[in-house]
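Please open the model in a viewer and keep the selection tool at hand.

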Amino acid sequence: MRISYQSTRGGEQGVTASQAILKGLACDGGLFMPTELPKLDLTMKELAGKTYQETAYEVMKLFLTDFTEEELKYCIEKAYDSKFDTETIAPLVKADGAYYLELFHGSTIAFKDMALSILPYFMTTAAKKNHADKEIVILTATSGDTGKAAMAGFADVPGTRIIVFYPKDGVSRVQELQMVTQKGDNTSVVAIHGNFDDAQTGVKRIFADKEFGAELADHGFQFSSANSINIGRLVPQVVYYVYAYASLLANEEIKDGEEINVTVPTGNFGNILAAYFAKQLGVPIKKLICASNDNKVLYDFFQTGTYDRQRDFILTTSPSMDILISSNLERLLYLSTGCDAEQTAKLMNQLGTEGHYTVTPEMKAKMADFCGGFATEAEDAAAIRELYDETGYVIDTHTGVASAVYQQYKKNTGDETKTVIASTASPYKFSRSVMEAISDEKLPEDEFAVIDELCRVSGVEIPKAVEEIRNAQIRHKLECDVQDMKKTVAKILGI
Ligand SMILES: *Cc1c(COP(=O)(O)O)cnc(C)c1O
């Protein structure tokens with residue numbers, strides 16, 4: 001079965017998977033969606049016992065139908081190798097009754113590595129297939145983790161350049177150091193004077209600028225995106241939900257066919273949407289619990305059916321979730337309209353012009369698999385502390401939000417279904433906030449002294465990604481105002 005892709009806003013149809021990956025965003029500003037959501041060829045029982053790489057192939061071949069078996073397997077082998085510090089790639093850790101799916105064992109210690117270690121291979125393969133002769137320029141807005149993971153993936157990949165925009169005061173110290181010390185002649189990092197939404201909107205605007213696109217083409221460049229708006233990000237994220245269920249089955253933690261719940265700390269809605277896709281593929285998932293921090297726009301949306309971004313943007317200790325415009329929600333909207341691109345476009349336009357929209361009761365009913373929750377800063381810290389006190393297991397601030405929301409959900413609903421919690425970053429990435437949660441003592445000023453302290457209390461070895469930045473040279477110092485992002489891109493590319 002061949003699947004093609006179409007824009008959620010109707011402006012593009014019949015696009016192959018490889019073209020959709022190359023383009024990133026559809027030309028009408030919409031997101032690419034497959035014409036149908038496929039089903040797994042194998043049963044969960046057959047998948048239990050398969051390696052991560054084998055599972056990846058079973059999932060990816062369903063979505064990326066214009067890639068050959070050889071091409072897909074090549075991409076998978078290259079991506080999920082010794083860059084990961086564990087052979088299982090995505091281990092499950094049982095703690096306090098829940099299953100933490102550790103998605104941070106890749107080279108930049110956040111879950112973004114799960115997709116961004118394969119995206120460069122998808123992209124270079126797609127470029128070859130489509131005889132694209134232009135240099136691909138990856139433009140990326142980051143709330144802290146995507147930027148580093150994308151640069152790690154694309155650094156020195158021939159035929160590509162990557163430019164990352166991050167909010168100057170909106171990322172953790174480790175996140176910032178990881179980015180500004182990035183090596184590779186084709187990488188550029190720019191701190192913007194604004195928040196993540198400003199960065200993401202700015203990037204989308206550059207994508208939509210047809211004149212600039214033409215100018216770029218004249219100079220031999222073509223834009224693409226490494227954000228989760230790219231279908232090439234979403235598909236690899238489906239894999240670990242299939243793998244997690246199969247692992248639970250293989251370890252006899254669940255019975256065949258038993259439903260599980262999934263809790264995901266959410267920002268741009270990419271990770272949890274991947275879990276929803278996994279459910280459509282046939283993984284027995286009951287509820288998708290969407291966990292937000294104080295920027296609880298999604299919680300309000302699932303409560304009321306109204307999405308309203310007109311509110312203050314709050315900086316929290318889970319910065320990768322500090323987002324008020326969750327791009328991938330557009331894909332769920334589209335599905336809930338019964339794939340009505342016109343209606344989707346109308347809602348998205350309204351969001352752009354008025355800052356809010358409300359879905360119909362029918363649409364809301366179609367999203368009943370989702371359930372929203374949120375955790376305040378204090379609740380996040382308390383969840384990290386409690387888990388540590390009870391089990392010695394240390395989680396990061398984003399996973400802490402999910403853990404807190406899961407506990408609330410259980411209490412409010414009495415639903416005791418076994419639950420997988422997506423653990424999206426290593427606690428080392430947010431050492432200071434994590435240590436503040438679990439220790440009563442005053443912390444040292446120096447970030448690396450805090451990191452050493454975290455190592456002492458957690459007993460978890462300091463990851464290579466953190467050791468690397470201890471003494472690394474700062475290579476990127478560019479800054480710009482939000483309205484100058486396009487100018488900055490032009491300058492970097494020399495046009
Ligand atoms: C990106 C990120 C998230 C949010 O994921 P989305 O797919 O944007 O919803 C959560 N936690 C961490 C650590 C992240 O890096």
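Helices (H or I, at least four residues) and strands (E, at least two) are DSSP runs, numbered from the N terminus. Residues are numbered from 1 along each chain as its sequence is written. The model is predicted, so local features need pLDDT of at least 70 and side-chain atom pairs count only at pLDDT 80 or more, whereas totals for chains, interfaces and linings use all residues; side-chain values use heavy atoms, with hydrogens and water left out.

**First stop: the largest cavity**

On a 1 Å grid over the protein atoms alone, a cavity is a set of points where a 1.4 Å probe fits but cannot get out, and its lining residues have an atom within 4 Å of a point. The whole structure holds three cavities of 30 Å³ or more. The volume of the largest cavity is about 280 Å³. Select Phe111, Lys112, Gly267, Asn268 and Ser320, which lie nearest its centre among 27 lining residues.

Next, colour helix H11 (231–250), strand S9 (260–265) and helix H12 (270–281), each of which supplies at least two residues of this lining. H12 gives the largest share, three residues.

**Second stop: the ligand**

**Third stop: polar contacts**

Look for polar contacts, that is, pairs of N or O atoms within 3.5 Å. At Asp145, a side-chain N or O atom is 2.4 Å from an oxygen atom of the ligand. Moving to the backbone, select Gly267, where an N or O atom lies 2.8 Å from a ligand oxygen. The backbone of Phe269 likewise places an N or O atom 3.0 Å from an oxygen atom of the ligand. Taken alone, the ligand exposes 380 Å² (Shrake-Rupley method, 1.4 Å probe), and the protein buries 98% of that area.

Key: A polar contact is a pair of N or O atoms within 3.5 Å; within protein, one must be able to donate a hydrogen and the other to accept it, and residues adjacent in sequence count only if both atoms are side-chain atoms. On a 1 Å grid over the protein atoms alone, a cavity is a set of points where a 1.4 Å probe fits but cannot get out, and a pocket is an open set with protein on both sides within 12 Å along at least five of seven lines; lining residues have an atom within 4 Å of a point. Grid points are joined across faces, edges and corners, and a volume is the space filled by probe spheres set on the points.
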